[in-house]
Amino acid sequence: MKDPPVTRKVPIMRHSTSVDRREFLQFLAGSPYVASLGGVAAFIQQRAFAQNTQETSDVIADPGNALDVFDFEEAARRKIQPAHWAYMASGVDDDATLRANREGFKHVQLRPRRLRDATKVDMRVELFGAVYDSPIFLCPVGGQKCVHPDRELAVAQAAKARGTMQMLSTTASATVEEVNKALGRPVWYQLYAPSSWEVCEKILRRVEAAGCSIVALTVDNTTGRFYETYFRTRPKDLRPCAACHEDKGEPGPTLKDRPIYDGINMTGVRQQNPAMDWTFVDRLRKFWQGKLIIKGMDTREDARLCVEHGLDGLLVSNHGGRSTETSRATIEALPEIVAEVGSRIPVFVDGGFRRGTDVFEALALGAKAVGIGRPYIWGLGAFGQAGVERVLEILQGELKLVMGNCGTRTVAEVTRDYVATPDWKI
């Protein structure tokens, strides 16, 4: 007699406490696959994890009710168009790098020092001559109009309210002039270098005229990327998208949606230059008189070249798991880069940061400041400016707590002595 066929069963939670349920839901919320199925609530309903979806989803209706940044994810998912959500929630290929960015923090341990006065914790940092209220900054995210009608302007107003640095994407939905006005100070400008040097010069002249003095050249996505999860999970009928994008072919962002290209002839010009190399960087370094950093480095070899070619800083980034499927977390790449450059140039980092403890660990491993992306976009999509402000408030509050509990009163005091990485060979 043959054995009966083995069937895969979906595990069912029984007798779970409210804490267990919350932790499990947060685990689900971090999965791009769950998000692509319609979010935690839809996932639970489809797979009978609970009899009452409303009880387990706990979707916040007010930003003030959020206890952590994960609380904004489902609230945003319910308001953002499905195609836009599928794009934002996914990575590339198998999403291994997307997951690795979060899993990397499991291999960093805190080494707190006790009995130190924590009544005055100062999170302020100075970055290229400007002082910010914390080392947490807002990463460039393009096309924020697809998330909320107030787009990058709402983000700028929230950044101003929380004393935060904002980095603006080349593919922003708002102009650099508008965003600088809303922010009350110049943004750091993220540059996708086009294939035409003439167009590149025109963009940089406009950015300079707007008052920006810091440019971050993105180098980790010059040849494109494969959004497998997005293609599998986006709505099959994309005709409604064409009404917004006015595209006769495959619906998607057009140059009309990117105001930085207004008045520039983009005929035959690629928005990103696949031929970009260190010779191009040298040319850019010579042309741009402000601070120039490179975004997208994750090896000591390239970090060394950044110093040799006169860069003013570098940002350790894998595009939030949306560039090359390296399967390596930025928090794990950070130490070798810091060790290579030493104190010669500042090192920044982004990728998977969701907690104040995550930020503390990156600072301890040598980062000067830490960027967040998806969390503030969740806040924007759910509640506009108020949502972004609350996301920043939560993360800044968590960082202040961990700094106090670990015995560090200033960001400068957060050093390598406060973390252990027994699983890493560094």
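A: Let us begin with a definition: a helix axis is a line fitted to the C-alpha atoms over the stretch in contact, and the angle between two axes runs from 0 to 180 degrees between their N-to-C directions. Please keep in mind throughout that this is a predicted model.

Q: At what angle do α8 and α9 pack, and how far apart are their axes?

A: Two packed helices are described by the angle between their axes and the distance between the axes. Here α8 and helix α9 (residues 176–183) pack at an angle of about 25°, with their axes 8 Å apart. Angles under 35 degrees count as roughly parallel, and α8 and α9 are therefore roughly parallel to each other. Their crossing is right-handed. On the α8 side the contact is made by Arg-151, Glu-152, Leu-153, Ala-156, Gln-157, Ala-159 and Lys-160, and on the α9 side by Glu-178, Val-179, Ala-182 and Leu-183. Sorted by class, this contact of α8 with α9 has 6 nonpolar, 1 polar and 4 charged residues.

Q: How is the packing of α8 with α18 to be read, roughly parallel or oblique?

A: The axes of helix α8 (residues 151–161) and helix α18 (residues 385–406) come within 8 Å and cross at roughly 40°, and α8 and α18 are therefore oblique to each other. The crossing of α8 and α18 is right-handed. In the contact itself, Ala-154, Val-155, Gln-157, Ala-158, Ala-159 and Ala-161 of α8 meet Gln-385, Val-388, Glu-389 and Leu-392 of α18, and the residues of this contact divide into 7 nonpolar, 2 polar and 1 charged.

Q: Which residues does Ala-154 touch, not counting residues up to four places away in sequence?

A: Ala-154, which has its place in helix α8, touches Leu-380, Gly-384 and Gln-385 when residues up to four places away in sequence are not counted. Ala-154 is also 229 residues from Phe-383 in sequence, yet the two are 10.0 Å apart in space, C-alpha to C-alpha. As for its accessibility, Ala-154 is buried, with a relative accessible area of 2%, the cut-off for buried being under 20%.

Q: How many residues of helix α17 are buried?

A: All of them: 10 of the 10 residues of helix α17 (residues 374–383) are buried, so this helix is largely enclosed by the rest of the structure. Among the buried residues of α17 are Tyr-376, Ile-377, Trp-378, Leu-380 and Phe-383. The helix is followed by Gly-384, whose phi is positive, near 70°. The buried residues of α6 are Ala-83, His-84, Trp-85, Ala-86, Met-88 and Ala-89.

Q: Which residues have a positive phi although they are not glycines?

A: Most residues other than glycine have a negative phi. Among the exceptions here is Phe-128, with a positive phi of about 50°; Phe-128 lies in the loop between β2 (125–127) and β3 (130–132) and is partly exposed, with a relative accessible area of 27%. Another is His-319, with a positive phi of about 65°; His-319 is found in the loop between β9 (313–316) and α15 (330–341) and is buried, with a relative accessible area of 14%.

Q: Is Asp-417 buried or exposed?

A: Asp-417 is exposed, with a relative accessible area of 55%, and its place is in the loop between α18 and β12 (419–420). Asp-417 and Leu-365 are 52 residues apart in sequence and 9.0 Å apart in space, C-alpha to C-alpha.

Q: What does the secondary structure of the chain come to, and what percentage of its residues count as buried?

A: The secondary structure comes to 18 helices and 12 strands, and of the 426 residues of the chain, 54% count as buried. Of the contacts in the chain with a separation of 6 or more, 71% are accounted for by residues 24 or more positions apart. The chain exposes about 20,200 Å², of which carbon and sulfur atoms supply 50%.

Definitions and conventions. Residues are numbered from 1 along each chain as its sequence is written. This is a predicted model: local features need pLDDT of at least 70, side-chain atom pairs count only at pLDDT 80 or more; totals for chains, interfaces and linings use all residues. Side-chain values use heavy atoms; hydrogens and water are left out. Buried means under 20% relative accessible area, exposed over 50%, partly exposed in between (1.4 Å probe, protein chains only). Helices (H or I, at least four residues) and strands (E, at least two) are DSSP runs, numbered from the N terminus. Contact means heavy atoms within 4.5 Å. Accessible areas come from the Shrake-Rupley method with a 1.4 Å probe; for residues, only the protein chains shown count as cover. Angles under 35 degrees count as roughly parallel, over 145 as roughly antiparallel, 65 to 115 as roughly perpendicular and the rest as oblique. A crossing is left-handed if the near helix is turned anticlockwise from the far one by less than a right angle, and right-handed if clockwise. Ala, Val, Leu, Ile, Met, Phe, Trp, Tyr, Cys and Pro count as nonpolar, Asp, Glu, Lys and Arg as charged, and the others, Gly among them, as polar.
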